[in-house]
Amino acid sequence: MEVGQMQRRLVDYTKTLFMEGFLDAQFLQLQQLQDESNPDFVVEVVSLFFDDSEKLLNDLSMALDQPNVDFKKVDAHVHQLKGSSSSIGAQRVKNACIAFRNFCEEQNIDATLRCLQQVKHEYYLVKNKLETLLRLEQQIVAAGGSIPATEMGF
Amino acid sequence: MARDGGVTWRRTEKIDRFNLSATDTAEEVHVLAVDDSLVDRKVIERLLRISSCKVTAVDSGIRALQFLGLDEEKNSNGFNDLKVDLIITDYCMPGMTGYELLKKVKESSVFREIPVVIMSSENVLARIDRCLEEGAEDFIVKPVKLSDVKRIKDYTTREFRVGEEERTRKGTNKRKQRDSFDLSSSSPPSILSSSPVLSSSSSPESQSPSPSPPSIPSASSAPSSPSPIDSPTRRVKTTSSE
């Protein structure tokens with residue numbers, strides 16, 4: 001596949017992610033912070049997000065598995081996950097965290113367990129999509145092309 | 001959650017790192033960024049660097065105080081030449097909150113003139129009020145964007161600082177009046193969304209009219225920053241002296 005084709009594929013793929021709500025404007029902001037002096041900025045931040053999130057999801061699973069669930073602790077973890085997902089523009093993860101926190105407040109164990117599943121689901125979805133997006137970018141760069149800026153018409 | 005161990009560079013490295021010429025250190029704004037989230041630290045660091053600021057990022061209020069030399073144990077005056085021009089801190093942090101850090105800074109005779117900006121993912125009016133009352137320059141609702149950083153950089157300009165010092169001396173600084181700043185910056189939308197201002201908790205007498213607002217040279221460049229449709233929840237302080 002030649003570079004132009006790859007670039008078009010990337011642009012289309014990125015647009016879909018925005019349309020489907022996986023990513024929001026904050027992700028665009030991160031892309032704008034990447035340049036020749038910091039060519040791996042997005043990959044680096046996203047990797048930090050992956051590491052952070054996986055640890056938090058583990059902590060959440062453990063916390064909700066206790067006989068006496070400490071909802072304050074659970075809420076603190078969700079708060080952190082909400083923060084980092086918001087900072088990279090992972091909109092659906094962020095929204096799932098918001099719903100999660102509401103149920104933490106209610107101390108509703110069944111609902112919070114469902115929320116955890118939902119957050120995990122959204123996280124793995126966006127992880128998959130981001131990895132695909134970043135891989136497409138990598139292929140373009142490897143082929144000597146440049147990454148086209150994401151232009152959102154909305 | 002993943003942490004990088006706190007300060008982004010060691011004190012021993014400082015000596016080498018700061019063999020800069022006088023012009024380098026004099027011109028670049030040095031920002032101390034405080035956030036317990038590794039992801040957020042990475043982003044804020046980049047936002048600041050791309051805005052031509054020097055950045056020191058730490059993961060807690062305690063480390064921030066240590067860096068400033070304000071902690072009880074190490075009263076190190078050796079770092080005075082690493083002047084901090086601005087502190088930007090997250091509000092919700094384990095241990096010392098951003099609010100507590102703000103108070104400590106404002107209580108210090110040496111550091112209280114450093115502008116402090118609070119960041120928070122939560123747009124809670126009472127919280128914003130409390131921070132502004134305590135002397136915070138601004139309150140940014142996360143996620144932080146380039147336009148936010150460009151705005152807060154204004155707080156370090158000389159004209160602003162001079163006005164700031166005067167107001168601090170006169171004790172008129174407690175309550176920030178920011179209409180003029182906001183009107184001159186690109187924020188008509190946030191003024192519209194700031195109607196909750198009416199629930200302000202402070203008493204009228206704590207609010208003294210400030211002298212005419214300092215002219216911020218970069219205010220003229222404000223229109224070029226993106227309009228804050230992406231930060232409609234940023235609270236705007238409007239005067240309620242009636």
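A:K127 forms a salt bridge with A:E54, with the closest N and O atoms 3.2 Å apart. Because A:K127 lies in helix 6 (residues 109-142) of chain A and A:E54 in helix 3 (residues 41-64) of chain A, this pair ties together parts that are 73 residues apart in sequence. A:K127 is buried, at a relative accessible area of 19%, whereas A:E54 counts as partly exposed, at 27% relative accessibility. The model is predicted, and over all chains it holds 19 salt bridges.

According to the unreviewed UniProt entry, residues 38-137 of chain A carry the annotation "domain: HPt". Over residues 38-137, chain A is 87% helix and 0% strand, and the end C-alpha atoms of this stretch are 15 Å apart.

The contact between the chains draws 24 residues from chain A and 18 residues from chain B. The area buried between chain A and chain B is about 1800 Å², and carbon and sulfur atoms give 61% of this area. Of the area that chain A buries against chain B, 27% is supplied by A:L33, A:L48 and A:D52, more than by any other three residues. Four salt bridges are found across the interface of chain A and chain B. A:D35 forms a salt bridge with B:R46, the closest N and O atoms lying 3.1 Å apart.

A salt bridge also links the side chains of B:E122 and A:K82 (3.7 Å, N to O). B:E122 is located in the loop between strand 4 and helix 6 of chain B and A:K82 in helix 4 (residues 71-88) of chain A, so the pair joins two chains. Both partners are buried, B:E122 with a relative accessible area of 17% and A:K82 with one of 12%. Within chain B, B:E122 forms a salt bridge with B:R127, the closest N and O atoms being 3.6 Å apart; B:R127 is likewise buried. Through shared partners, salt bridges join A:D75, A:K82, A:R101, B:E122 and B:R127 into one network.

Chain B has 10 helices and five strands, and buried residues make up 54% of its 242 residues. Among contacts in chain B with a separation of 6 or more, 75% involve residues 24 or more positions apart. The buried residues of helix 5 (residues 98-107) of chain B are B:G98, B:Y99, B:L101, B:L102, B:V105 and B:K106. Viewed down the axis of helix 5 of chain B, these residues fall within an arc of 160°, so they line one face of the helix. Their cover includes strand 1 (29-34), helix 4 (61-68), strand 3 (86-90), strand 4 (116-120) and helix 6 (125-133) of chain B.

Terms used: Residues numbered from 1 in each chain as written. Chains lettered and ligands numbered in written order. Predicted model: local features only at pLDDT ≥ 70, side-chain atom pairs only at ≥ 80, totals over all residues. Heavy atoms only, no water. Buried < 20%, exposed > 50% of the residue type's maximum accessible area, 1.4 Å probe, protein only. Helix = DSSP H or I, 4+ residues; strand = E, 2+ residues; numbered from the N terminus. Arc of directions from axis to C-beta. Contact = heavy atoms within 4.5 Å. UniProt positions renumbered as here; feature names shortened; annotations may be inferred. Buried area = accessible area lost by both parts, 1.4 Å probe.
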